[in-house]
Amino acid sequence: MTNNEHNNTEVAWVIKNSGEREPFSVKKLRRSLIRSGADEETIQMVVDHITPELKNGMTTSAIYKHAFDILEKKTFPVAVRYSLRKAVMELGPSGFPFEKFVAEVLKRKGFHTQTGVVLSGFCVSHEVDILMEKDERHIFAECKFHNQQGIKSDVKIALYVYARFLDLQKGHDVRDGDEPKIHEGWLITNTKLTSDAIAYAQCTGLTVIGWDYPEQGNLQDLIVETGVHPLTFLSTLTAQEKTDLLEQGIVMCRSIRDNATPLRTLGFPEERIEKVIQEIGKVCPL
């Protein structure tokens with residue numbers, strides 16, 4: 001740690017998106033940059049730019065924006081990865097756009113996916129967020145969305161998902177019908193998981209996917225591998241425009257690339273549409 005890092009982190013308090021105040025942590029900044037694929041030279045450059053400018057009361061959003069601007073100029077692929085978590089969180093406040101987004105990611109991984117399917121259990125019927133099928137195996141996924149960092153999916157959610165899985169399996173076993181047998185239940189969240197949730201999942205065989213869990217094949221990895229990016233990533237759209245598009249059921253970047261009509265409906269002139277399409281080509285090439 002440099003002298004600048006040491007001096008500034010002792011006095012600088014930052015405001016999180018939740019409104020909470022906490023001391024600025026160079027360790028957390030470094031960790032987020034490492035996860036984004038930045039090398040040590042780039043990490044140190046970002047830290048050296050940010051730490052001298054820290055002031056009490058700065059927002060974490062302002063710090064993120066500063067880091068992103070630096071990364072964008074030096075290494076765009078790292079900047080894209082660094083921005084993914086924030087972009088996914090902006091899919092809220094409701095969880096439906098997140099469900100649709102995750103279904104698209106899973107589709108790129110070779111699954112046939114449906115959202116909002118109702119299945120009959122032994123005790124009750126269940127509307128599952130995502131029903132997916134691959135190699136004659138059927139899996140349901142419960143998507144847990146949070147639009148603020150710092151919130152974790154706890155063991156109660158894992159218990160809930162596993163109980164649904166058991167009820168769906170038992171329902172299939174005791175009745176004949178056209179509904180598929182559910183072979184697995186998954187919990188997918190855009191935030192972290194508590195240690196108890198992970199321990200319970202490992203004990204029962206429940207698949208859990210968090211933003212950075214498991215170490216390989218986590219949600220961030222799946223997004224990067226598949227190249228599926230949410231439209232909330234685009235800097236050429238305002239927050240209100242993103243909300244308007246999400247309300248129309250448009251979640252992915254490529255949906256706009258393939259059909260710009262929604263932008264025209266919002267009153268975008270052709271030259272601005274072209275700028276949005278250009279950014280999509282740079283950020284979301286697939």
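Predicted model: local features only at pLDDT ≥ 70, side-chain atom pairs only at ≥ 80, totals over all residues.
**Entry 1: helix 2 and helix 3**

On the helix 2 side I found Val26, Leu29, Arg30, Leu33 and Ile34. They meet Glu40, Ile43, Gln44, Val46, Val47 and Ile50 of helix 3. I then sorted this contact by class and got 8 nonpolar, 1 polar and 2 charged residues.

Next I looked up how the two helices are placed. I reminded myself that a pair of packed helices is described by the angle between the axes and the distance between them. Helix 2 covers residues 26-35 and helix 3 covers residues 40-50. Their axes are 10 Å apart, and the packing angle is about 140°. Are they parallel, perpendicular or oblique to each other? Angles over 145 degrees would count as roughly antiparallel, so helix 2 and helix 3 come out as oblique. I also noted that their crossing is right-handed.

**Entry 2: helix 5 and helix 9**

Then I turned to another pair, helix 5 (residues 76-89) and helix 9 (residues 219-226). Here the axes come within 11 Å and cross at roughly 110°. Because the range from 65 to 115 degrees counts as roughly perpendicular, helix 5 is roughly perpendicular to helix 9. This crossing is right-handed.

Which residues make the contact? From helix 5 I wrote down Arg81, Leu84 and Val88. By class, that gives 4 nonpolar, 1 polar and 2 charged residues.

**Entry 3: the sheet**

Now for the strands. I keep in mind that strands of a sheet pair through backbone hydrogen bonds, either parallel or antiparallel. I traced an open sheet of 5 strands, in the order 4-5-6-8-10, with mixed pairing. Which strands stand at the edges? They are strand 4 (112-120) and strand 10 (207-209). Each has a single partner strand, so one side of each is left without a neighbour in the sheet. From one strand to the next, the twist averages 35°.

I picked one pair to follow in detail. Strand 5 (residues 125-134) and strand 6 (residues 137-144) pair in the antiparallel sense, over 5 bridges.

Last, I checked what helix 6 (residues 96-108) does. Helix 6 lies across strand 4, strand 5, strand 6 and strand 8 (182-189). Relative to strand 5, helix 6 runs at about 20°.

Definitions and conventions. Residues numbered from 1 in each chain as written. Heavy atoms only, no water. Axes fitted to C-alpha atoms, helices over the stretch in contact; angles between N-to-C directions. Helix = DSSP H or I, 4+ residues; strand = E, 2+ residues; numbered from the N terminus. Parallel < 35°, antiparallel > 145°, perpendicular 65-115°, else oblique. Left-handed = near helix turned anticlockwise from the far one by under 90°. Contact = heavy atoms within 4.5 Å. Nonpolar A, V, L, I, M, F, W, Y, C, P; charged D, E, K, R; others polar. Pairing = 2+ DSSP bridges.
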